[in-house]
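Reader: Please take a close look at the contact between the two chains. I want the areas, the charged pairs and their surroundings, with the cut-offs stated.

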Amino acid sequence: MSAISPYIVADRVCKSFGAHQVLRDVSTHFNTGEVTVIIGASGSGKSTLLRAINRLEPHDSGTITIDGVPVTDDPNTLQRQRSEVGMVFQQFNLFGHLSVLDNITLAPRRIRRTARAQANEQAMVLLRRVGLQEHAHKYPWQLSGGQQQRVAIARALAMAPQVMLFDEPTSALDPEMVQEVLDVMRELARGGMTMIVVTHEMGFAREVADRVLFFDQGCIAHDAPPADFFNDPGNDRIRAFIGRMGA
Amino acid sequence: MLIALWPHRWSRQQRSNATLVSALVLTVFALALLGQVLSFLPEPIGPNAQAFSAGARTTLWLTLVSGSVGLALGTGAALARTARWAAVRWVASFYIWAIRGTPLLVQILFVYFALPVLVPGLNLPDFAAAVVALALNVGAYNAEAIRAGLLAVPRGQTEAARALGLGRTHVFFDVVFPQAFKISLPPLVSNFVALLKDSSLAYAIGVVELTNVGNRIQSATFQPIATLTTVAVTYLLLTTLVTQISNAIEYRFDVEGRNQ
């Protein structure tokens, strides 16, 4: 086990969309090697925090640091930080005009200047890891949602990131495809990847998370290991939420 | 049309390449042989076959040059219209507004006659003046076609590319532009075909292109039906060939297999 150290630190982060404040003085930190699951009602700010970490959604005030370096608009630093932080989206967002292989190799070839042959080799290793080596030359539209999401995970892993952010990775999937994606994520967690997962999959949170954060109206309302979190939810809002999610 | 000729076991790219190459070869052949084929026809076409074929070459050349410049201009103007700086957006909007709101014939006459007065020393020869006017014109229409394509690329695509750490240039050239271009291609082809026909207006400033040739022969021989039919059929031949080329390009980008 590596020594526990905060890799991403959020300090009094605020963010508003117009008059609506989605993040209110959020302070927390994410440690290397830890799997954090963020749950909460929609609109509670959990996705916004995730998107603020890699600055897809710039925050208004407060600071976010990744490995001690603040996240700002400086393009060079930001690009370096983004390649250290992989992201998986709810809607997969695979590049529709590129084959599965090219989706995965694009970033390493452009950013790390990896030669195509070598990038392809590395991509095939990743595709085997997510169980899709036979689909390397297909295009995204030829794959099921679950397969697309697994490719999206492989694409994010191709930059060998230090952290993986998952923004509701299974919310757009048919129920029978949820497990194949969760299996890949479980495998990643077992390999020691630092992960921050926004999800409604309570089973996954219980089983895989080291820590569960509950977001409520832009604040972190509860922060506990999964066993404590689910057995002793702290307040009634959380209890009601867990009840609705059927966990 | 041509695409259907190739065996189905060929890959999409092979079929696209085969179509592209054969359409280009056909175009070159058509232009090279047009004069000879027309020379077999009776009066008044036969004796004037070389003039027709030279006119057709001028028309195609005029279209290709102004079409290429217009594509670059259209891409630039589309980017300018979606730029972050208001002044840049405003200039692009003004350009599109002015060009789309005035007749092409006036634009051609303006570049040829008014520009030398406004900018002393800028005396463009008739062909160059026609190229400038046609390129400016098609550029404005291309700009809107390309802008529509750019706006149609889902936001998630740029977000995913940025999240991977790709810089602005790579996000644009590797992710946004290829997808936008595919969406813009059909309207761009329409613009190009329209340009091929609109190039006939260069006749007004004395460019000896296909329509001009036909009109001269028509008025010299008093045989409007034969000459103007020849002109029309030659335009039809050129637009058909251009459409084959553009179909091949469209087919190449059709990774989803929607154009069967």
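Author: Chain A and chain B bury about 2000 Å² between them. Carbon and sulfur atoms hold 59% of that buried area. Buried area here is the accessible area (1.4 Å probe) that two parts lose on being put together, summed over both. Such a loss is often used to state the size of an interface. Contacts tell the story by residue: 24 residues of chain A touch 21 residues of chain B. A contact means heavy atoms within 4.5 Å.

The model is predicted, so local features need pLDDT of at least 70 and side-chain atom pairs count only at pLDDT 80 or more, while totals for chains, interfaces and linings use all residues. Residues are numbered from 1 along each chain as its sequence is written, chains are lettered from A and ligands numbered from 1 in the order in which they are written, and side-chain values use heavy atoms, with hydrogens and water left out.

Now the charges. Two salt bridges cross the interface of chain A and chain B. The rule asks for a side-chain nitrogen of Lys or Arg within 4 Å of a carboxyl oxygen of Asp or Glu.

Take B:Asp174 and A:Arg110. Their side chains meet in a salt bridge, 2.6 Å from N to O. The pair runs from helix α7 (residues 168-198) of chain B to helix α3 (residues 100-111) of chain A. Helices (H or I, at least four residues) and strands (E, at least two) are DSSP runs, numbered from the N terminus. B:Asp174 is buried, at a relative accessible area of 13%. A:Arg110 is partly exposed, at 24%. The limits are these: buried is under 20% relative accessible area, exposed is over 50%, and partly exposed lies in between (1.4 Å probe, protein chains only).

Next, B:Glu159 and A:Arg51. This salt bridge has an N to O distance of 2.6 Å. The pair belongs to a network of salt bridges that links A:Arg51, A:Glu57, B:Arg155 and B:Glu159. Look at A:Glu57 in that network. A:Glu57 sits in the loop between α1 (46-53) and β4 (61-66) of chain A. A:Glu57 counts as buried because its relative accessible area is 16%. Leaving out residues up to four places away in sequence, A:Glu57 touches A:Lys15, A:Phe17, A:Thr48, A:Arg51 and A:Ala52.

What does chain B bring as a whole? Nine helices and zero strands. Read from the N terminus, the order is α-α-α-α-α-α-α-α-α. The C-alpha atoms fill a box of roughly 70 × 60 × 25 Å along the principal axes. Of the 260 residues in chain B, 45% are buried. Among contacts between residues at least 6 apart in sequence, 72% join residues at least 24 apart. Chain B exposes about 13100 Å², and carbon and sulfur atoms supply 69% of that area. Accessible areas come from the Shrake-Rupley method with a 1.4 Å probe; for residues, only the protein chains shown count as cover. On charge, chain B has 17 positive and 10 negative side chains, and the centres of the two sets lie 8 Å apart. Lys and Arg count as positive, Asp and Glu as negative; His and the chain ends are not counted. Each charge is placed at NZ of Lys, CZ of Arg, CG of Asp or CD of Glu.

Two backbone points in chain B deserve a check. The peptide bond from B:Glu43 to B:Pro44 is cis, with omega near -5 degrees. B:Pro44 lies in the loop between α1 (12-39) and α2 (49-81). B:Phe222 has a positive phi of about 60 degrees, although it is not a glycine. B:Phe222 lies in the loop between α8 (210-221) and α9 (224-253). B:Phe222 is exposed, at 70% relative accessibility.

For comparison, here is a salt bridge within chain A. A:Asp183 pairs with A:Arg186, the closest N and O atoms being 2.7 Å apart. Both residues lie in helix α6 (residues 175-190), three residues apart, about one turn of the helix. A:Asp183 is partly exposed, at 40%. A:Arg186 is buried, at 15%.
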